[in-house]
Amino acid sequence: GRIRLSLCDLTYVDGPLNDQTIVYTGSSLASLAVVAQLTSNDCNIDFPVTTGTSYKIAVSGDLKGEFNFVLSLKAATPPANDNFADAQALGPALPVKLASDNDYATTEIGEPYHGGYSGTSRSVWFSWTADRTARVRLRTCGEGKTFFTSVYTGASLATLTEVGERLYASYCSNFFDAVAGTKYMIAVAGGPFTDYHGPFQLDLHQLKAPGNDSFEKARNLGSKVPVSVTGTTVDGSDEPDEPNHSDYMSERSASVWYRWKATSDNPVILSSCGNGKPNRISVYDAYPDTEETGLRALRMVDNDDHSCTGKSQGGRLAIAPEKGTVYMIAVSAARSEAESPFTLKIAGFGATVKTRAARLKKAIAECRKLKPRKKRTRCVKAAKKRFR
């Protein structure tokens, strides 16, 4: 059968923080033959064993590292849908949502790489015969795990044709145009890292893209303040030429668009907070004197993905707008698997008070509402000191 060798419980003592674990057969050092080798990327390795065979396992530090460890061996029985021929049937009615697992899965001879990644392994298979002609989405994205998915047509590994497309750089998400009566083969694979295999949630559903998914269909918020509208990044996409909504390198993700026109120079706070998964709010204006249009003309003003308050998650930022300028607002998933509903808000700081005298007058007026008299007096003194 198959055995899993694990060396995940390590306590480093000295030297480089890496290890080398190799499984051999052979009766002497001179006759050793490598059967399997554990890498520093994945602390688990599955390999076939033969009854009665003696295996030698060497555990050492790579480049002289020293550490304490726990070594474990256990059966690594592949899942029932490990092979293409044993694909688990789904549906056919949509949506389909089920829990599955690619741990202990294997890779067949002649099997392609999946999800646009050239190092996939541990694949499991599903089949779905479309009950409708529609745009369909497959997702296996999950917190803390990375999976690679592909959708194919074909009756064998040798005749597979990939039909799913990734509308942004998310290995775990596929979009495809299903044709009623067609049988689709779905592969969910892992890779050569510890968190690239294990339990996952498979979600297959008819696509329901948000109405403002594309830049050209941005929702018009008008020009008033305050503004509060609900939205979602679920089933959104990433367009060609769409800017990276972060100011650092990151993976692409689903986004939706809004348009807002400033009627004054008064500062405003924009937020895209929600109780689901984290999202990012990005605000753009247009490059001055540019000949480009649409997405190519955008210039980022600011972005944020972590400043919502309380238990909510998402982005919150402040800008000093220029009167008459149209701002484009993108709300995107902070991570590829983090699509979720949110509430987009634009709020003012209140009336702009331009002079110290006017600000002092306003502060004193607020102080006079306090009780008792001593508290009012202390408040007025503090206001005069603050605005002197």
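This is a predicted model: local features need pLDDT of at least 70, side-chain atom pairs count only at pLDDT 80 or more; totals for chains, interfaces and linings use all residues.

In the classes used here, Ala, Val, Leu, Ile, Met, Phe, Trp, Tyr, Cys and Pro count as nonpolar, Asp, Glu, Lys and Arg count as charged, and the others, Gly among them, count as polar.

Of the 14 residues that line the largest pocket, P95, K97, R139, D203 and H205 are the closest to its centre. By class, the lining of the largest pocket is made up of 4 nonpolar, 4 polar and 6 charged residues, and strand β15, which covers residues 199-206, supplies the largest share of this lining with 5 residues.

The second largest pocket has a volume of about 250 Å³. Of the 17 residues that line the second largest pocket, those closest to its centre are N44, I45, D46, S121 and R122. The elements that each contribute two or more residues to this lining are β3 (33-38), β4 (44-48) and β9 (121-129), and the largest share, 5 residues, comes from β4. The lining of the second largest pocket divides into 6 nonpolar, 7 polar and 4 charged residues.

| Second largest pocket | about 250 Å³ | 17 residues | 6 nonpolar, 7 polar, 4 charged |

**Nonpolar surface patch**

On the surface, I57, F69, L71 and L73 form a nonpolar patch, and together these residues have about 330 Å² of accessible area. Strand β6, which covers residues 66-75, gives the largest share of the nonpolar patch, 3 residues, and L73 has its place in this strand.

**An open sheet**

The model also contains an open sheet of 5 strands, which follow the order β16-β18-β23-β20-β21 and show mixed pairing. The edge strands of this sheet are β16 (219-220) and β21 (298-304), each of which pairs on one side only. Strand β16 is joined to strand β18, residues 255-261, by 2 bridges, and β16 and β18 run parallel. For a reader who wishes to find this pairing in the model, N220 stands opposite R259 in β18.

Terms used
Residues are numbered from 1 along each chain as its sequence is written. Side-chain values use heavy atoms; hydrogens and water are left out. On a 1 Å grid over the protein atoms alone, a cavity is a set of points where a 1.4 Å probe fits but cannot get out, and a pocket is an open set with protein on both sides within 12 Å along at least five of seven lines; lining residues have an atom within 4 Å of a point. Helices (H or I, at least four residues) and strands (E, at least two) are DSSP runs, numbered from the N terminus. Grid points are joined across faces, edges and corners, and a volume is the space filled by probe spheres set on the points. Patches are made of residues with over 30% relative accessible area and no salt bridge: like charges are joined within 9 Å, nonpolar side chains (Val, Leu, Ile, Met, Phe, Trp, Tyr) within 5 Å. Accessible areas come from the Shrake-Rupley method with a 1.4 Å probe; for residues, only the protein chains shown count as cover. A salt bridge is a side-chain nitrogen of Lys or Arg within 4 Å of a carboxyl oxygen of Asp or Glu. Two strands pair if DSSP finds at least two bridges between them.
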